[in-house]
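Subject: Structure for you to look at

Hello,

Here is the structure I said I would pass on. Please open it and keep it beside this message while you read; my notes follow.

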Amino acid sequence: MLSKFAHAEIDSISTDRAMKIPGVRGVLTGEGLPLTGEEMKDRPPVAWGKVRYHGEVTAVVIADDPVTAAKAANLVEINYKPLPVVQTPSEAVKENAPLVHENTGIYEKDEGVNPIPGTNIASHTKIRKGSIQRGREESEVTIEESFFIPPSDHAAMETRSAAAEVKPDGKVIITTSSQAPFMVKKLMNSYFGIELGKVVVHTPLVGGGYGGKASVQQEILAYLASMKAGGRPVKIVYPREADLITAPCHMGMEATIKLWATRDGKLKAAEIQYLVEAGAYSDKAIHLTRAAAIDCTGPYFIENVWCDSYCVYTNHPYPAPYRGFSHSEVHFCFERAMDILAGKLNMDPLELRFRNAIRPGQTTPTQYKVNRSTVGDLPECIRRLKKLIRWEEGAVVRINERQLKVKGISCLWKNSTIPPDSTSGAIITFNEDGTANLISGVVEIGTGTKTVLAQIVAETLKMDINNIFVRMEIDTQTTPEHWKTVASRGTLMGGRAAMAAAEDAARQLKAIASCVLRARIEDLDIADSRVFIREEPDKGLHFKDIAYGYTFPNGNSIGGQIIGRGNYILRNLTHIDKETGKGKPGPEWAVGAQGVEIQFDCRDYTYKLIRAISVLDAGKVLNWKAARGQVTGAMSMGLAFAGREAFIFDKEGRIMNPQLRTYRPLHFSEKTEYIVDFVETPHVDAPFGARGLGEQGLISLPAALGNAISAAIELQVTSLPLTPETIWRMKEAER
Amino acid sequence: MIPFDFEYYKPSSISEAVELHRQLDEAGKKPVYYSGGTEIITLSRLNLFYTEAVIDIKGIPECCLCEKEGTRLHLGAGLPLAEIERADYFPLLTVTSKDIADNTARMKITLGGNVCSELIYREAILPFLLSDSQVVTAGASGEVSRPVNEFFNKEIVLEKGEFLVRFITEERFLRAPYFHTKRRKQWNTGYPLITVAALQEEGKTRTAYSGLSPFPFRSRIMEESLNRDNTPLRRKAEQAVNNIPHEIISDSEGSAEYRKFVLKNVLMDVMTRMGRRGPE
């Protein structure tokens with residue numbers, strides 16, 4: 001049962017009639033359930049007392065089959081008393097705005113969460129770098145603009161689902177479509193006090209996540225439903241509508257950006273306010289708010305930065321991470337502001353970016369001094385973009401009376417502000433024929449990361465990749481942990497762990513071979529699934545003869561089976577300072593420059609996508625086709641988000657487009673030409689220097705599209721999505 | 001998931017179908033005729049539709065007609081849209097059909113199903129509204145033929161137990177100059193913001209609309225504006241927009257005001273394509 005209201009008191013719930021249907025095993029309501037939430041526990045797993053968004057779970061019917069459950073759900077009677085709804089963050093922060101949560105100040109929360117009691121503000125992150133006053137004094141030109149982005153969704157092809165069973169001995173077995181099976185395990189402990197060792201989470205191949213499946217929701221419902229049904233196995237599968245509106249969505253944001261610069265285009269100060277839309281519950285929105293603050297200026301060096309990033313409750317669905325983790329929203333606002341500044345300076349927007357692009361030796365908003373390894377080479381990305389997009393032709397070229405060819409550009413950076421103690425582990429075992437098995441906690445969500453991990457192992461052990469078998473499924477009891485499969489961290493962390501496991505296996509293989517070959521370990525080498533004497537490569541042993549120990553002709557055996565193990569933990573990360581934001585919040589920044597070219601119809605305000613270009617600093621491309629696939633997919637998502645995808649709310653806060661027939665991701669027939677190019681500035685810590693690549697292709701395309709359309713209509717675009725009707729409204733307002 | 005059980009019948013004649021409907025209705029089974037079934041699936045899973053018996057009309061030969069007989073084209077209600085496109089007897093219907101849903105869905109969606117849909121669009125009716133087609137229906141009193149505008153005026157006019165059998169269109173309309181355009185909220189997928197179908201008959205342009213109002217319609221008063229001689233193109237379009245005879249919808253595809261803006265431009269395109277450009 002899902003709430004039909006966005007904000008209402010629940011006067012009464014009656015489950016009597018539903019319980020009388022044969023085959024119904026129980027009806028779960030919110031009564032007596034503990035509060036949940038990742039950084040602040042503000043969310044009842046099932047609504048209790050009141051509902052805070054349209055689509056919120058109000059009751060769960062557990063039955064022998066889905067048809068019976070659906071029938072019985074129609075008989076659960078709920079009486080609501082509607083309350084005034086809060087629809088935007090800017091409305092929510094006004095004095096006297098209706099409160100989504102009355103108890104913001106008393107919820108149990110982690111360190112670093114800063115709610116403001118008596119308001120709709122769930123958390124506040126501050127950046128205080130340099131002095132705005134000094135920056136202003138040194139400036140000659142200033143701009144200020146406000147931006148608006150509504151909530152939308154990931155719309156992964158596979159909807160969320162989970163199954164749970166509570167065994168008589170208290171063991172809880174969960175199978176879930178998740179990017180974070182290890183987090184599910186920890187949260188079951190944190191929310192319900194279940195011993196960690198008694199929770200086993202299985203995750204098969206996941207049908208797309210995009211961050212949406214990093215939040216934990218359906219697992220909690222499945223567990224509670226199983227408990228209600230006496231521990232029987234219970235399965236919950238979200239229909240598309242629930243996957244869109246009940247499950248965590250893609251955040252909305254409002255922003256105000258003020259920039260100060262010298263007449264020759266040197267950025268001197270930035271004063272920024274981000275209002276991240278937390279919707280009904282703070283869950284991951286607190287972290288999204290923090291990430292927005294940390295990379296608040298886009299990839300530019302600015303001496304004086306003041307940013308207030310607020311996590312604000314509204315009566316909308318609450319957000320999960322979304323590919324880019326608040327960076328695409330931050331960049332839409334900031335990179336639009338950069339174009340507005342370029343206009344005011346009468347300067348080429350690409351040149352303005354080139355002049356201010358962050359370079360080694362300069363500092364970030366969190367006052368971390370970057371070097372070539374930690375920040376890559378943005379100027380080179382800009383140079384290449386300039387050529388690929390044929391910038392010399394000009395941003396706007398008239399084709400005929402009605403049509404324009406228009407280009408927009410934008411830059412990006414992304415650090416992954418994951419917890420400083422995040423870890424990843426990997427195990428390598430062998431088969432008796434000398435082939436290897438790779439077991440890593442990275443969930444395969446369609447990114448192909450496990451292929452890259454196998455490549456890393458093949459490269460390290462110098463063996464044929466076809467002789468490496470990759471375990472796809474995760475089982476938190478037997479798979480070493482990978483914190484979460486998010487944040488473009490699979491190759492860095494999972495890769496380093498796999499590399500360490502391969503090196504560990506190599507050491508063990510050599511140790512056995514050294515006895516048999518009567519050679520020092522350091523005189524041995526490995527290649528083609530063999531350990532051999534470096535000087536006489538024909539003297540050696542195949543893995544199949546040593547991976548399970550070596551047996552001498554008389555039967556004596558040594559060594560035993562080889563198990564390679566490896567792990568990785570990020571080095572020297574810090575929490576950020578509460579007052580200034582100072583710290584090292586993540587390992588490295590991936591940077592890039594992007595552009596779009598559109599054909600714009602000046603009569604109809606419609607536009608066609610002609611091509612989209614990404615130049616990313618990949619550090620090192622480990623698998624060209626996979627990398628291109630990731631970037632292209634991200635670009636396509638970014639264009640759909642910018643051009644069309646958004647939830648549409650009515651006056652009561654109900655979502656008017658909760659189906660794919662009305663909520664429309666990009667269709668294959670709408671794809672454009674994607675041009676992808678890579679700069680390779682190694683991230684020294686990463687396997688072979690590879691930087692994160694899963695999200696970057698999305699991050700600044702919405703801004704690039706906004707910049708192109710602004711150039712076409714000679715008005716400043718400040719909101720998403722950029723539909724022809726939005727553009728028409730701007731033109732009408734101008735008259 | 002369809003959360004209820006229902007019986008399935010596939011009669012092989014019109015009389016059998018009508019009789020089945022009568023019996024099942026008497027038995028309180030709320031019978032429905034069906035052909036493609038896509039809407040039964042999509043509405044049932046949302047609890048917006050209920051029946052205890054469906055009567056499949058695809059086994060009735062008259063409902064599957066797709067042929068020219070002399071100067072008349074017969075198209076059965078049970079024909080999948082994709083099949084009508086392949087046969088391509090009526091070019092305006094072909095292009096209109098090709099913009100409905102996607103090909104996979106159109107292999108199931110039928111002509112009758114689209115015309116009798118619960119949705120507001122029902123674009124497949126547009127070419128028939130423009131071509132003075134006849135509609136054959138069947139009910140207790142047997143087969144009846146009547147002009148399309150008596151069958152379809154804002155709503156479908158069907159008696160209880162009566163069902164749509166086929167459309168009959170005169171050949172001269174099949175060869176008439178035509179134009180079709182579908183404007184969506186953004187790019188190439190989604191419901192129509194506005195669909196306009198146009199056909200020329202005796203030098204006059206006829207137009208019919210979907211997505212503009214809560215039902216598809218043809219408007220003679222708008223046609224008068226569009227066919228007025230010695231009027232600049234823009235003026236014609238503006239007058240037609242001012243003469244829209246029905247309520248213009250505002251929904252998640254677009255506002256009423258924006259629809260008017262788009263329609264004005266689309267009508268200029270229609271008139272240009274129909275070669276009746278007035279003085280600029």
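A residue counts as buried if 20 or more other C-beta atoms lie within 10 Å of its own, as exposed if 12 or fewer do, and as partly exposed in between. Please keep in mind that this is a predicted model.

Backbone, chain A

D528(A) has 14 C-beta neighbours inside 10 Å, so D528(A) counts as partly exposed. D528(A) sits in the loop between β23 (524-527) and β24 (530-533) of chain A. Its phi is near 50°, which is a positive value in a residue other than glycine.

A487(A) also has a positive phi, of about 65°, and is not a glycine. Is A487(A) buried or exposed? A487(A) is buried, because 26 other C-beta atoms lie within 10 Å. This residue belongs to the loop that runs between β22 (474-475) and α14 (490-517) of chain A.

The peptide bond from L720(A) to P721(A) is cis, and its omega is near -5°. P721(A) is placed in the loop between α18 (701-713) and α19 (724-734) of chain A.

Contact between the chains

How many residues does each chain give to the contact? Chain A gives 21 residues and chain B gives 15 residues. On the side of chain A that touches chain B, the elements giving two or more residues are α2 (66-73) and α19 of chain A. The largest share of that side, 4 residues, comes from α2(A). By type, the residues on this side of chain A divide into 7 nonpolar, 7 polar and 7 charged.

Regards

Conventions
Residues numbered from 1 in each chain as written. Chains lettered and ligands numbered in written order. Predicted model: local features only at pLDDT ≥ 70, side-chain atom pairs only at ≥ 80, totals over all residues. Contact = placed C-beta atoms within 7 Å. Nonpolar A, V, L, I, M, F, W, Y, C, P; charged D, E, K, R; others polar.
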